[in-house]
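Let's take a walk through this protein together, from its overall build to the spaces inside it. Have the sequence and the 3D view at hand as you read.

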Amino acid sequence: MLSDLTQRYLGQDFSNRKSAAGNVTANMLDQLSKDSYPLCMQNLHQNLRQYHHLKHWGRQQYGLFLKGIGLSLEEALKFWRMEFTRIMDGDKFDKQYAYNIQHNYGKEGKRADYTPLSCIRIITANPPAAGDFHGCPFRHFGVDFLRQRLQSFRLPNDGINEIVDSVKQGHYQLACGRHFEIRNNLDVKFVPQHPNQYFEDSQRVIEGLKPTGGIASAPTESCGITLVPVGKKTAQSTTH
Ligand code: SF4
């Protein structure tokens with residue numbers, strides 16, 4: 001069932017894209033994380049900056065996202081090295097971690113071009129254990145912790161309540177989309193299907209353009225939610 005769901009994302013793969021942010025460099029990531037990251041990637045970035053380390057699935061989820069927003073391999077190695085070598089020497093980083101980063105960019109191993117993970121994949125596969133920071137906050141945070149995190153962004157209380165209500169009904173992508181709408185003061189419906197799409201649309205909004213993605217152009221089953229085009233009533237078909 002879960003492996004089937006992970007294969008249902010049929011949108012863009014977001015690999016090797018030139019970001020709307022231009023040529024993304026390591027020193028731009030703090031600002032981009034505040035302006036345009038979805039909560040899943042913001043959480044990974046903050047914890048990486050705090051602890052100078054992420055476990056395997058965190059490195060995969062965040063590393064592939066960074067590749068998708070346009071961070072080059074050279075800048076990715078610089079970024080991860082800068083953080084990890086605050087708690088380990090450079091030799092250890094080169095031996096234990098650099099290979100995996102190069103692998104994600106298709107420069108080692110099978111030389112496959114690995115694509116950034118979709119929302120469905122993040123929500124349904126590899127749930128985080130203690131000490132992990134990957135996953136989807138709307139799916140994997142406790143409700144109280146999620147509420148605290150949203151309050152720290154100074155979102156209005158009624159907006160936070162709407163987001164939490166969606167989470168309680170199991171509509172994680174709707175909750176994330178409502179966060180996007182409130183954060184960007186939008187009056188169009190937005191439902192993310194991919195963290196990189198969230199990023200690109202956030203950059204579009206900053207540039208004064210309308211978001212292009214979010215709502216499926218045709219009904220699409222997604223983690224128990226049926227996404228519908230704007231203007232049609234949202235179906236509530238929770239299956240979990
Ligand atoms: Fe990230 Fe998607 Fe979850 Fe939003 S719904 S936090 S983009 S995984």
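Predicted model: local features only at pLDDT ≥ 70, side-chain atom pairs only at ≥ 80, totals over all residues.

Residues are numbered from 1 along each chain as its sequence is written, and side-chain values use heavy atoms, with hydrogens and water left out.

The protein has 13 helices and two strands; these are DSSP runs numbered from the N terminus, helices being H or I with at least four residues and strands E with at least two. Of its 240 residues, 51% are buried, where buried means under 20% relative accessible area with a 1.4 Å probe and protein chains only. Contacts tell you about the fold too: among those between residues at least 6 apart in sequence, 60% join residues at least 24 apart. A contact here means heavy atoms within 4.5 Å.

Now look inside. A search of the whole structure finds four cavities of 30 Å³ or more. On a 1 Å grid over the protein atoms alone, a cavity is a set of points where a 1.4 Å probe fits but cannot get out, a pocket is an open set with protein on both sides within 12 Å along at least five of seven lines, and lining residues have an atom within 4 Å of a point. Grid points are joined across faces, edges and corners, and a volume is the space filled by probe spheres set on the points.

The largest cavity holds about 110 Å³ of space. Of its 15 lining residues, C40, C119, C136, C176 and P195 are the closest to its centre. That lining divides into 14 nonpolar, one polar and no charged residues, with Ala, Val, Leu, Ile, Met, Phe, Trp, Tyr, Cys and Pro counted as nonpolar, Asp, Glu, Lys and Arg as charged, and the others, Gly among them, as polar.

What takes up the space of the largest cavity? The ligand does, since a molecule sits in a cavity if more than half of its atoms lie within 2 Å of its grid points. Around the ligand you will find P38, C40, C119, I122, C136, P137, F138, Q173, C176 and P195, each with a heavy atom within 4 Å of it. Helices α8 (119-124), α9 (137-140) and α12 (172-183) each supply at least two residues of this shell.

The second largest cavity has a volume of about 70 Å³. Its lining includes G63, W80 and N100, and α7 gives the largest share, three residues. N100 itself is found in helix α7 (residues 98-104) and counts as buried because its relative accessible area is 18%. Leaving aside neighbours within four places in sequence, N100 is in contact with H56 and Q60.

Next comes an open space, the second largest pocket, with about 250 Å³. Among the residues lining this pocket are L155 and H179, and its lining has two nonpolar, five polar and four charged residues.

Finally, find I163 in helix α11 (residues 157-168). I163 counts as buried because its relative accessibility is 0%.

Note on methods. Buried < 20%, exposed > 50% of the residue type's maximum accessible area, 1.4 Å probe, protein only.
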